[in-house]
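Please walk through this model with an eye to its charged side chains and then to the contact between its chains. The paragraphs that follow the display take these two topics in turn.

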Amino acid sequence: MSSPVSSQTSNLPVVETRRPSTGILLVLRRMRTPIIVLIGIFALSTVGLTLVPGEDPQGNPHRLSIFEAFYFMAYTASTIGFGELPYPFTPAQRLWVTVSIFMAVTGWAYAIGSLLSLMQDRAFRAALARRHFVNKVRHLGEPFLVLVGYGNATRSLARSLDEMGRRFVVVDDDEERIAGVELDAYRADSPALLGNARDTEVMALAGAAHPRCEGVVALTGDDDTNLDVAMTVGLLRPGLPVIARTSSRDIADRMELFGASEVVNPLDRFGDHLRILLRSPASYQLMVWLTSSPGSPLPPRRDPLPTGRWVVSGDGRFGRELTEDLRAEGIEVDLVGGGHPDSTSDSVQAGDLDAEHLQGAVAFVAATESDMTNLWLLRTAQQMNPDLFLVALQNRASNARLYESAGVDFGMLPAELIVHEVLARLANPELMQFLPRVPHMGEEWSDAMVERLVSAGGDGAPDLWRIVLDQREAPGVQHWLSDGHLTLSDLLRDPHDRDHALHIVPLVHVRDEEGTIAPEPELLLEPGDVLLLAAPASARRTLADTLAHPSTAAYVVEDRVVPSSWVWRKLTRTSL
Amino acid sequence: MNLEKVVFGFFVLLAATLNFGFFLGDMSDPELHNSYELFAAVVVNLIATVLKFGDRTQIGAVHLATSLVASLQLIAAALVWTYGSEVSAGGMDGETMAAVVSLSGGALLANIVSVVLLVVETVSFQRR
């Protein structure tokens, strides 16, 4: 029988997970023999001691009672040794005690040795660690993300999330990486589970079925794992946001079929970034800055990319896509190598690159998925035409220095691209209304926006946050909102001196799911509007005052001083 | 034949029989109850308890619970005996002896449950 109510109220699936209480069970099971041996030795020596004849100082026969014998054995076996009680022993008793001591010491050594070796046992420690992890995840009271894999990309993502005060749980099947989570010393406690994320039970343990789980991020280098995670989560918790990485269109389609909310394709993004940079260096600068972690310095603005004939050399599909991207921007592109549709090999061959192609070209893109091939292509191209603008897809972060010494003008790390992308999505969904429109606004607009942000908050990337102008988040200004007299510029005045504006730059204004980027100061706000704001943390706290307290809001909006207590308001006959 | 089962059954049964043997006889008469028998009952009960460690089945958990009850009751009986014979000024009188024997009677009940569980487990195992 199932009640209709419960099926409606709880959409969380019940995922059967073995309660990992294996740790204590394992101890008990393994300690059976040592403990029984100890009990046996104690029993034998105690009974023996009561049976051996002794005598008191007067020479009368006296046998130890069971209690006295047990007491004597307890302190003798544990090598405390209070002496012979209650009377000095006879030689017969001493003989038995000697035997007992050897038995008892051996028994203790055996028991303690077993316990110590158990503590060092791998299986036991893994069981303990898993139990510890599950307890931590179960008691997470804040929303958290599940990060699958702990490679370069996830690691820098984790650092940024930590700085933003978000909680997360890490799953990886590599022991060293899991140990790395602890070494990276995050501010918040970040549980890490050693296990294969393709195992449904592991995902359930990691909290994918936890009511506080707000999303799963799968950025491993292995497409199959990411796909498995996307599918598992899609089936377990339909509707839970999943951000997955893949470099294959085919797999991206499958991920989307299972409800992955975002699929990040680093190779696609490489093309996108090049396109944006071609269109407007200021837009590119703005976008990179806004998606970096809070406080990151303003990245230098790049010089405009050379326009002329480009040469792209890359692995099959990716090379073709990049070529199409660039052609869409109106650039003349030559595709070299890997592009032959009938070629069995996708990779670039030694003979593919010739001087003919490179004479008269302005830029060369090395975009294979192997760093060594890229470096070799760059060096070859440079020798043939030293004036080329060199662009490279950098695959491994550890090779960044090699690219630097190869003289690359524009290099991109897929890991870095992914992190920026994922961070933007996780941090503020409204930001995703803003970013895609930036390239269309043109160079001057972006330049002005960067200027505004820098003058508001300095060189560090500003805090981005959203406010909803409803009763819960902005109770202080409801009065003016419902009257329809509150303009954006009034809201953003400084409560200390309303002639000054707070250093806050409004980025997006959303009303009825329709977003406007960079809203005008004269905009009249309505209840329920959503704003995405950029500012240093201090301005954020000041604005919170205005939003929360009607008397602060009265000064900011209308330049009226309203007493904050009800009694005083009545006495002075003022009202809000 | 599983040697582990033999040892397990042996200790569970021995715990019950020793307990029963000690319990037999007039409650308040110290002459009719042997201290070594109580000692043996305590030791065998402790061993039976340890043998039940680390079993994750439901019946294993109940087994462990009954054994813990029996061991605690018997240890309490032994403590009362020690108090009566070594500490109390009046020595081992009928009142103290009755307390010891009734405690061991409680342990006997737990031990009987243990034996019943053992039988149930065995029978249900053979049916499968």
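A:Asp325 is buried, its relative accessible area being 18%, where buried stands for under 20%, exposed for over 50% and partly exposed for what lies in between (1.4 Å probe, protein chains only). The model is a predicted one, in which local features need pLDDT of at least 70 and side-chain atom pairs count only at pLDDT 80 or more, whereas totals for chains, interfaces and linings use all residues. Side-chain values rest on heavy atoms, without hydrogens and water, residues are numbered from 1 along each chain as its sequence is written, and chains are lettered from A and ligands numbered from 1 in the order in which they are written.

The partner of A:Asp325 is A:Arg275, with which A:Asp325 forms a salt bridge whose closest N and O atoms are 3.7 Å apart; the term denotes a side-chain nitrogen of Lys or Arg within 4 Å of a carboxyl oxygen of Asp or Glu. A:Asp325 sits in helix H14 (residues 316–328) of chain A and A:Arg275 in helix H12 (residues 266–279) of chain A, so that the pair links parts of the chain 50 residues apart, helices (H or I, at least four residues) and strands (E, at least two) being DSSP runs numbered from the N terminus. A:Arg275, at 24% relative accessibility, is partly exposed. Through shared partners, salt bridges join A:Arg275, A:Arg279, A:Asp325 and A:Glu329 into one network.

A second pair in chain A is A:Arg198 and A:Asp228, a salt bridge with its closest N and O atoms 2.8 Å apart. Because A:Arg198 lies in the loop between strand E5 (192–194) and helix H9 (200–208) of chain A, and A:Asp228 in helix H10 (residues 223–236) of chain A, this pair ties together parts that are 30 residues apart in sequence. A:Arg198 is partly exposed, at a relative accessible area of 37%.

Over all chains, a search of the whole structure finds 21 salt bridges, yet across the interface of chain A and chain B there are zero. On the side of chain A that touches chain B, the elements that give two or more residues are H2, helix H3 (32–51) and helix H4 (66–77) of chain A, and H3(A) gives the most, with nine residues.
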